[in-house]
Amino acid sequence: MDNQIIQPSILAQRIVLIILLSILIVAISILGIYWQRISDPYVREVLSLPGNPTRGNAIFQINCAGCHGLQADKNVGPSLQDISKRKSKVEIIYQVISGQTPPMPKFKPNSQEMADLLTYLEQL
Ligand code: HEC
């Protein structure tokens with residue numbers, strides 16, 4: 001009879017094990033998503049190209065300044081000052097091309113334009 005009751009210490013061990021397993025699963029999923037993103041050919045190409053901040057600024061003024069302000073200092077959209085401290089390059093690329101945070105639309109810059117834009121945003 002006694003054998004069927006789980007000892008408190010074993011129960012605690014199992015809880016710890018379950019928590020550790022959950023953390024592991026979450027970590028693997030995050031890593032998987034990250035890996036999938038950096039192995040995307042478009043992202044790889046953007047990251048491999050040297051960007052021109054002057055051209056990036058021009059692209060920004062045409063496409064983004066209406067919402068983010070002429071100096072990227074916020075309007076309808078948030079300020080993008082210090083964005084490179086808050087977001088990785090890959091995250092910024094996905095912010096621009098995914099359209100997952102309405103009202104910000106989905107953009108389709110070619111890889112050189114995206115590299116220029118990224119260089120401009122990183123020096124803000
Ligand atoms: C129609 C308005 C609009 C336009 C145009 C727009 N954005 Fe945005 N953007 C937003 C809004 C609103 C957010 C906040 C979204 C959220 O996080 O919910 C945002 C968020 C962002 C962020 C993330 C900011 C952060 O602090 O995490 C980046 C980076 C960004 N925009 C870059 C751009 C770039 C680059 C362009 C031009 C190619 C652009 N946006 C064009 C409205 C816009």
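**From the surface inward**

Modeller: Keeping in mind that this is a predicted model, we can begin with a nonpolar surface patch of about 700 Å², which is made by Ile6, Ile10, Leu11, Ile15, Val16, Ile19, Leu20 and Ile23.

Biologist: Okay, and how is the protein divided into domains?

Modeller: The assignment gives domain 1 as residues 9–38 and domain 2 as residues 42–122. If you compare the C-alpha centres of domain 1 and domain 2, they lie 33 Å apart.

Biologist: Let's go inside, then. Which residues of H6 are buried?

Modeller: In helix H6, which runs over residues 89–98, the buried residues are Val90, Ile92, Ile93, Tyr94, Val96 and Ile97.

Biologist: And what covers the buried residues of H6?

Modeller: The cover includes H1, helix H2 (41–48), helix H5 (83–86) and H7.

Biologist: What happens just after H6?

Modeller: Just after H6 comes Gly99, which takes a positive phi of about 65°. The loop between H6 and H7 also holds Pro103, and the peptide bond from Pro102 to Pro103 is cis, with omega near 10°.

Biologist: Which residues other than glycine have a positive phi?

Modeller: Ala72 is one of them, with phi near 60°, and Asp82 is another, also with phi near 60°. As background, most residues other than glycine have a negative phi, and most peptide bonds are trans.

Biologist: Where do I find Ala72, and is Ala72 buried or exposed?

Modeller: Ala72 lies in the loop between helix H4 (65–68) and H5. Ala72 counts as buried, because its relative accessibility is 0%.

Biologist: And Asp82, where does that one lie?

Modeller: Asp82 also lies in the loop between H4 and H5, but it counts as partly exposed, because its relative accessibility is 38%. Lys85 itself counts as exposed, because its relative accessibility reaches 70%.

Biologist: Oh, salt bridges! How many salt bridges does the count come to?

Modeller: The count comes to 3 salt bridges. The general idea is that side chains of opposite charge can pair when their charged atoms come close.

Biologist: Which residue forms a salt bridge with Arg55?

Modeller: That is Asp116, and the closest N and O atoms of Asp116 and Arg55 are 3.0 Å apart. This pair links distant parts of the chain, with Asp116 in helix H7 and Arg55 in helix H3 (residues 53–63), 61 residues apart.

Biologist: Are the two partners buried or exposed?

Modeller: Asp116 counts as buried, because its relative accessibility is 2%, whereas Arg55 counts as partly exposed, because its value is 45%.

Biologist: Which residue does Lys89 pair with?

Modeller: Lys89 forms a salt bridge with Glu122, and here the closest N and O atoms are 3.8 Å apart. Lys89 lies in helix H6 and Glu122 in helix H7, so this pair ties together parts that are 33 residues apart in sequence. Lys89 counts as partly exposed at 40% relative accessibility, and Glu122 is partly exposed too, with a relative accessible area of 30%.

Biologist: What does Ser111 touch?

Modeller: Leaving out residues up to four places away in sequence, Ser111 touches Tyr42, Glu45, Val46 and Leu49. With Glu45 there is also a polar contact of 3.2 Å, which joins the side chains of Ser111 and Glu45.

Biologist: Thanks, I'll go back over the picture with that in mind.

Terms used: Residues numbered from 1 in each chain as written. Predicted model: local features only at pLDDT ≥ 70, side-chain atom pairs only at ≥ 80, totals over all residues. Heavy atoms only, no water. Polar contact = N/O pair within 3.5 Å; in protein donor to acceptor, adjacent residues only side chain to side chain. Contact = heavy atoms within 4.5 Å. Patch = residues over 30% accessible without salt bridge, like charges linked within 9 Å, V, L, I, M, F, W, Y side chains within 5 Å. Areas by Shrake-Rupley, 256 points an atom, 1.4 Å probe, with all protein chains shown as cover. Salt bridge = Lys/Arg side-chain N within 4 Å of Asp/Glu carboxyl O. Buried < 20%, exposed > 50% of the residue type's maximum accessible area, 1.4 Å probe, protein only. Helix = DSSP H or I, 4+ residues; strand = E, 2+ residues; numbered from the N terminus. Domains from an automatic or database assignment.
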